[in-house]
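Please look through the model shown below with the following note beside you.

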Protein chains: 2
Amino acid sequence: MSSFKKYRVGAKVRLADVDPGDRHLLNGSDSEQRAQLDELAQELDDLQNLLHAEGKRKLLLVLQGMDTSGKDGTVRWVFSRTSPLGVRVAAFKAPSLDELAHDFLWRCHAVVPRAGEIAVWNRSHYEDVLVPVVEGWIDKAETQRRYAHINDFERLLTETGTVVLKCMLHIGKDEQRERLQARIDEPAKNWKFAMGDLDARKKWDLYQRAYARLLDATSTKNAPWYVVPADSKTHRNLMIAQLLVKTLKDMKLSTPPADPALRGLIVP
Amino acid sequence: MSSFKKYRVGAKVRLADVDPGDRHLLNGSDSEQRAQLDELAQELDDLQNLLHAEGKRKLLLVLQGMDTSGKDGTVRWVFSRTSPLGVRVAAFKAPSLDELAHDFLWRCHAVVPRAGEIAVWNRSHYEDVLVPVVEGWIDKAETQRRYAHINDFERLLTETGTVVLKCMLHIGKDEQRERLQARIDEPAKNWKFAMGDLDARKKWDLYQRAYARLLDATSTKNAPWYVVPADSKTHRNLMIAQLLVKTLKDMKLSTPPADPALRGLIVP
């Protein structure tokens with residue numbers, strides 16, 4: 001299992017230090033890589049079973065990234081072996097009127113993982129320090145307040161039994177062009193394309209700057225951000241699967257102890 | 001693909017007609033059976049992708065059955081290849097105070113599948129015509145009213161784009177004894193056992209009668225009940241996987257058509 005310190009945002013690592021084209025985990029032929037991922041996916045299922053059996057702690061995986069960075073694909077492949085019993089995905093879209101009528105963490109709090117569960121957030125509360133910042137809807141003071149609200153919220157989660165892992169799926173601007181163009185050129189993919197994707201692309205640099213800032217402000221000891229090189233889909237999947245397996249192993253999960261009250265009991 | 005008419009509750013089929021030990025789908029060695037299930041699970045994933053791509057209709061799978069009948073195991077194996085992106089499991093436990101303060105369908109309505117999604121209910125609104133009936137908390141008139149509320153609710157769902165499939169996982173009383181005893185005898189399984197399971201087992205015949213009545217009253221053309229022989233776990237999984245694949249194929253799902261507005265568009 002690799003060490004991912006170089007990708008963990010902190011005093012020494014910032015978004016700009018990570019190359020979206022980094023493929024250092026790729027090793028062997030395509031089919032060998034698929035086998036590696038499948039083995040990790042299987043290991044993840046075993047660990048998820050233990051998390052469920054223990055029934056106390058929770059795991060939250062936050063996935064962020066520009067359009068086409070592969071958030072859906074990550075869920076599909078990394079959790080390809082995990083039972084939907086124990087993995088709950090929440091996809092955050094533009095907030096509804098009802099959601100806008102509440103503070104920005106309200107809709108997120110409603111879908112945090114329950115004991116024994118893994119929750120995966122496809123986009124998250126971090127959208128609220130991206131779009132509004134890029135569009136200039138909130139000023140610096142409000143942005144700082146939101147960073148603080150986010151850090152407080154995540155401290156609540158981690159201090160009440162949730163392990164929080166955050167991954168920024170980092171693709172390059174050229175890679176995004178190719179992926180968007182494929183959605184336009186291949187009729188069967190047209191439904192995945194939205195004109196709004198081009199508007200966001202025009203603001204690429206503003207988004208990268210907003211990402212760099214939020215990563216710096218919210219990568220904490222207990223809820224770290226990892227920048228995941230994501231131009232290669234296989235590299236992205238392998239890295240996130242490895243991060244998850246390592247995180248769950250570090251939790252030292254185990255089946256609850258035998259119940260002495262059951263010894264010798266016979267079912268009539 | 002087998003026809004499952006003989007297992008579909010209606011004028012000619014009732015709970016008592018189905019043998020929990022029926023294994024008619026089993027064919028070949030253990031590893032061949034595993035391969036058959038894996039192929040169905042893969043097919044289910046492909047169909048789920050189409051359901052998501054279409055983004056209009058929904059599928060609801062209701063799983064009911066006595067303790068140890070294999071509801072969790074069904075989810076684990078039948079959906080072993082499906083992305084958690086598109087499959088959402090809701091497990092209904094004894095209602096909370098907040099849930100009791102509402103009508104019995106309130107908590108169910110909150111978790112119906114959204115467009116493009118499969119929802120699996122591990123227990124369901126049918127618990128409200130089981131426990132209260134067996135315990136004598138509600139009289140016949142109220143039970144009839146609840147059947148009618150359930151049929152009305154399911155008509156709302158089916159007339160607004162949800163395909164509803166209901167499976168009663170049917171095990172024999174001896175099989176349940178063996179499964180409960182295993183949870184007692186194997187220390188690593190102790191956490192799955194609850195003393196309350198023995199109380200419900202004492203009322204086995206009352207539960208079977210309550211099941212038979214609710215199946216008769218609520219197996220409708222659009223939301224049929226299938227009685228799934230479940231003494232064999234593999235048989236149970238194969239039958240439910242086949243039912244799901246057939247149901248999804250019958251929906252004639254397809255990718256949305258190409259968008260002419262995208263022709264020739266170049267991503268800058």
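**Notes on chain B and its contact with chain A**

1. In this predicted model, a salt bridge joins the side chains of Asp45(A) and Arg76(B), with 2.9 Å from N to O. Between chain B and chain A the count is two salt bridges.

2. The area buried between the two chains is about 3,800 Å², and carbon and sulfur atoms give 62% of it. On the chain B side, Arg76(B), Trp191(B) and Val267(B) lose the most area to chain A, together 18% of what that side buries.

3. Within chain B, five strands form an open sheet with parallel pairing, and their order is β2-β3-β1-β4-β5. Why is one side of β2 and of β5 left without a neighbour in the sheet? Both strands, β2 (87–91) and β5 (225–229) of chain B, stand at the edges, and each has a single partner strand, so one side has no neighbour there. Neighbouring strands of this sheet are turned by 20° against each other on average, direction ignored.

4. For β2(B), the parallel pairing with β3 (residues 118–122) of chain B runs over five bridges, and Ala90(B) stands opposite Trp121(B) in β3(B).

5. Helix α6 (residues 140–159) of chain B lies across β1, β3 and β4 of that chain, and runs at about 130° to β4(B).

6. Helix α9 (residues 204–218) of chain B has 15 residues, which at 1.5 Å a residue should span 21 Å, and this agrees with its end C-alpha atoms, which are 21 Å apart. Buried residues of α9(B) include Trp204(B), Tyr207(B), Tyr211(B) and Leu215(B).

Terms used:
Residues numbered from 1 in each chain as written. Chains lettered and ligands numbered in written order. Predicted model: local features only at pLDDT ≥ 70, side-chain atom pairs only at ≥ 80, totals over all residues. Heavy atoms only, no water. Pairing = 2+ DSSP bridges. Helix = DSSP H or I, 4+ residues; strand = E, 2+ residues; numbered from the N terminus. Axes fitted to C-alpha atoms, helices over the stretch in contact; angles between N-to-C directions. Contact = heavy atoms within 4.5 Å. Expected span 1.5 Å × (residues − 1). Buried < 20%, exposed > 50% of the residue type's maximum accessible area, 1.4 Å probe, protein only. Buried area = accessible area lost by both parts, 1.4 Å probe. Salt bridge = Lys/Arg side-chain N within 4 Å of Asp/Glu carboxyl O.
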